[in-house]
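Hi there,

Here is the structure I promised to pass on to you.

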Amino acid sequence: MNLSDVPNGKKGLILEIETGKRLFNRLVSMGINQGNEFTVVRNNHNGPVIIDVDGSRFAVGRGMSEKILVTET
Amino acid sequence: MMKRSIKLAIAGNPNVGKTTLFNKFVGSNQHVGNYSGVTVEHKEGCVNCEGYEFIVTDLPGIYSMNAFSPEEILTRNFIANEKPDLIINIVDASNLTKNLYLTFQILEMKVPVVIFLNMMDSVEKKGFEIYPDILEKEIETPVIFGVARKGKGIDDLVKKCIEVYENKPELTTVPYSENIKGYIRDIKNVFSKHNYDGHHGPDFAKDWRAIRLIEGSDTDLNEVPPEDAEKIHEVIERLNRESGHKIHSVVMVQERYRLIKDVVAKVRGKTGKATSDVSSKIDKYVLHPLLSLPLFFLMLFLMFQTVFTFGEPLEGLLETLFGSLGEFVGSFWAVGSDSILRSLIVDGIIGGVGGILVFSPYIFLVFMAIAFLEDSGYMSRVAVIMDRWMSKIGLSGKSFMPMILGLGCTVPAVMAARIIENKFERLATIMVTPFMSCGARLPVYLLIIAAFIPDGYQAMTLLMIYLLGVVVAATVAKLLRLSVFKGEENPLIIELPLYTRPSFKSIMMLTWERGKHFLEKAGTIIFAASIILWFLNSFPRVDMEHVDKSLSNAQISYMQAEGSYSGTIGKFVEPAFKVFDADWKIASSFLASLAAKELFVSQLSILNSLSENEEGSNLLEEKIKEQYSFATAMSIIMLILLSAPCVATFAAVKAETNSWLWPSVQYIGMVIISYIFAVAAFLIFS
């Protein structure tokens with residue numbers, strides 16, 4: 001499943017990030033990395049998905065969130 | 001004893017208190033340094049401490065050193081070229097994992113580093129504790145801890161910096177696995193055989209270059225001779241094959257995080273449960289699916305309200321001030337004197353520059369409001385709230401704030417576009433911002449609406465004008481993003497910092513820094529433009545000796561204006577304005593509006609031989625009602641709304657894009673677009 005499919009309040013694990021080099025580097029340097037756990041703070045099914053990774057909060061654009069493969073935990 | 005000077009640079013993630021630390025370190029003794037035109041700035045400051053002089057540079061906040069953004073390139077080049085004696089790496093103790101990623105990349109560059117573990121107070125609230133001494137041992141780098149906001153730990157930091165500077169301890173080697181070290185060695189072997197950059201350099205420069213090559217840096221690969229590039233490519237291919245990763249940069253990323261995970265596990269201990277933080281509670285409302293928009297518009301409304309409430313009296317004050325200054329300077333000449341020098345100084349320079357400077361309170365207040373929103377943490381939420389809509393026109397949420405500021409004044413709006421990292425998106429935003437109708441255009445609309453629109457429909461007409469500006473801006477943005485500024489898609493990824501109470505001092509410093517920039521950069525161009533405009537309006541001069549003495553001052557002004565170069569130019573371009581039934585007076589007033597939009601009204605009053613004190617009255621309305629049709633009036637509105645930005649905007653766009661091309665393209669493009677709309681409006685309404 002994609003990050004965009006994870007409902008509010010659920011936790012998950014990032015499996016794969018399927019983007020170009022530039023975006024990949026941006027995401028991982030912010031700690032949004034393969035193998036990291038996250039909590040979905042807000043996902044309205046339109047607009048950015050807001051996640052919490054290791055105490056930091058990020059807004060990830062909708063399109064971007066569809067390229068992040070995750071599994072719910 | 002000679003004083004020693006230590007060159008320091010502060011580097012770290014965004015929102016970890018970098019600038020707070022910098023301000024605590026150097027106080028107000030600072031300036032924005034080397035505005036390099038890539039829309040990234042770094043600050044420099046000096047301070048004397050314990051017999052040492054510290055030259056401190058505050059680098060922009062970054063997450064990594066992969067050189068993908070202008071900020072990253074600036075930081076990387078600064079460390080590589082300026083060779084600071086010491087880097088203070090400020091690290092958010094409550095977010096170790098993410099912050100240490102940058103730390104490791106800095107350590108890879110083999111520069112002396114002191115780590116400042118900031119926000120130790122918020123660690124406890126998150127339910128764990130941090131052991132700085134263990135961190136120091138683990139990464140073999142000096143660690144100081146404290147709370148920058150409260151000034152805690154700053155003295156220790158200064159002492160440690162001096163100690164490191166004097167003792168020059170051995171530099172840390174990042175303990176990569178033997179496997180990775182092997183690949184680094186293999187790549188280094190390739191380029192040590194040849195005589196190019198890196199060959200004569202110290203060994204660590206080669207290490208660093210090898211790491212960048214493993215990460216897939218294209219710029220580094222281009223610097224290598226083709227036969228070496230081939231061999232390096234082979235090593236990287238082998239590495240990818242053996243590690244099983246598809247994208248090569250993954251290897252270094254995962255290696256760094258593997259090390260960081262080990263470190264964090266030892267350094268961080270759990271103490272209890274995290275207390276629920278205030279930020280989450282605020283975000284429940286601020287980012288609420290239904291409440292977020294109304295709250296945001298309320299915020300905007302309050303912001304504009306504040307800016308206008310405080311701006312208006314200040315503007316009035318400045319107007320009076322420049323008025324009296326003009327009178328005072330003018331009083332050096334005899335009454336009724338037609339001295340050219342007097343006219344240049346009083347009408348040209350004081351009138352022209354003053355006419356623009358009276359708007360500076362608005363600009364400073366807008367900057368203050370932005371600084372407040374940024375400092376409080378709300379600004380990044382705005383990007384989130386608006387992203388959904390902005391992405392439809394090829395921009396992201398970050399473009400929204402500059403565009404909305406354009407409704408106040410285009411100059412700070414263009415400057416606010418700096419927060420957009422993506423170059424193409426930033427350019428597109430800057431290009432369309434002048435379509436958002438700024439405050440200076442309002443007097444023109446008010447004049448025309450009062451003259452041509454019946455009472456009940458006036459407010460509605462005004463709203464439609466503003467909406468048209470927004471629609472044109474959105475359409476042009478979309479077209480630009482589909483053509484010239486295609487570039488890579490730039491999805492929103494933004495960190496939402498914790499809400500903090502903004503500090504008055506930092507808001508004031510930020511406001512002054514940006515406002516000063518407006519005064520300097522735009523000021524020089526406005527000065528030149530004022531003199532040019534004055535010249536065009538004042539020459540050739542009316543021969544006062546042969547003027548009929550019975551003529552009023554206003555009639556003489558009219559003669560002067562008609563006979564002047566600007567009158568001549570107005571008549572020369574009149575055919576273009578005839579298309580929608582306007583005459584040379586409109587043409588000349590329009591040309592004046594190119595300096596500043598509201599000049600349209602003053603020039604039109606001069607040309608209709610109204611003296612200054614009648615300007616605000618209904619006389620001008622009556623006059624234009626007699627001379628022009630409704631359709632022509634609508635065409636004029638199109639010209640004022642959509643055509644070429646004022647000189648100050650031109651100057652700001654030139655400064656922000658660091659090129660003459662983009663402001664020129666914008667200028668010509670807007671003239672063409674406005675002309676098409678003016679003709680169309682004429683055809684529709686006649």
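This is a predicted model: local features need pLDDT of at least 70, side-chain atom pairs count only at pLDDT 80 or more; totals for chains, interfaces and linings use all residues.

**The interface**

Chain B brings 39 residues to the contact and chain A brings 32. Between them the two chains bury about 3300 Å², and carbon and sulfur atoms account for 51% of that area. On the side of chain B, the residues that lose the most area to chain A are F68(B), R388(B) and I493(B), which together make up 20% of what that side buries.

As for polar interactions, 15 residue pairs are in polar contact across the interface, counting pairs with both residues at pLDDT 80 or more. The rule also finds two salt bridges between chain B and chain A. One of them joins the side chains of D283(B) and R57(A), with an N to O distance of 3.8 Å; the cut-off for a salt bridge is 4 Å, so this pair counts.

Which elements of chain B give two or more residues to the side that touches chain A? They are the helices α3 (96-108), α11 (249-267), α12 (278-286) and α16 (378-390), along with the strand β10 (493-495). The largest share comes from α11(B), with six residues. Sorted by class, this side of chain B has 15 nonpolar, 10 polar and 14 charged residues.

The strand β10(B) also pairs with β4(A), in the antiparallel sense and over three bridges. Within that pairing, F58(A) stands opposite E495(B).

**Backbone details**

D54(A) has phi near 50 degrees and sits in the loop between β3 (49-53) and β4 (56-60) of chain A. With a relative accessible area of 32%, D54(A) is partly exposed. In chain B, phi of N658(B) is likewise near 50 degrees, and this residue lies in the loop between α29 (647-657) and α30 (661-685). N658(B) is partly exposed as well, its relative accessible area being 46%.

Where is the cis peptide bond? It joins F539(B) and P540(B), and its omega is about -15 degrees. P540(B) belongs to the loop that runs between α22 (504-538) and α23 (553-563) of chain B.

Best wishes

Note on methods: Residues are numbered from 1 along each chain as its sequence is written. Chains are lettered from A and ligands numbered from 1 in the order in which they are written. Side-chain values use heavy atoms; hydrogens and water are left out. Helices (H or I, at least four residues) and strands (E, at least two) are DSSP runs, numbered from the N terminus. Buried means under 20% relative accessible area, exposed over 50%, partly exposed in between (1.4 Å probe, protein chains only). Contact means heavy atoms within 4.5 Å. Buried area is the accessible area (1.4 Å probe) that two parts lose on being put together, summed over both. A polar contact is a pair of N or O atoms within 3.5 Å; within protein, one must be able to donate a hydrogen and the other to accept it, and residues adjacent in sequence count only if both atoms are side-chain atoms. Ala, Val, Leu, Ile, Met, Phe, Trp, Tyr, Cys and Pro count as nonpolar, Asp, Glu, Lys and Arg as charged, and the others, Gly among them, as polar. Two strands pair if DSSP finds at least two bridges between them.
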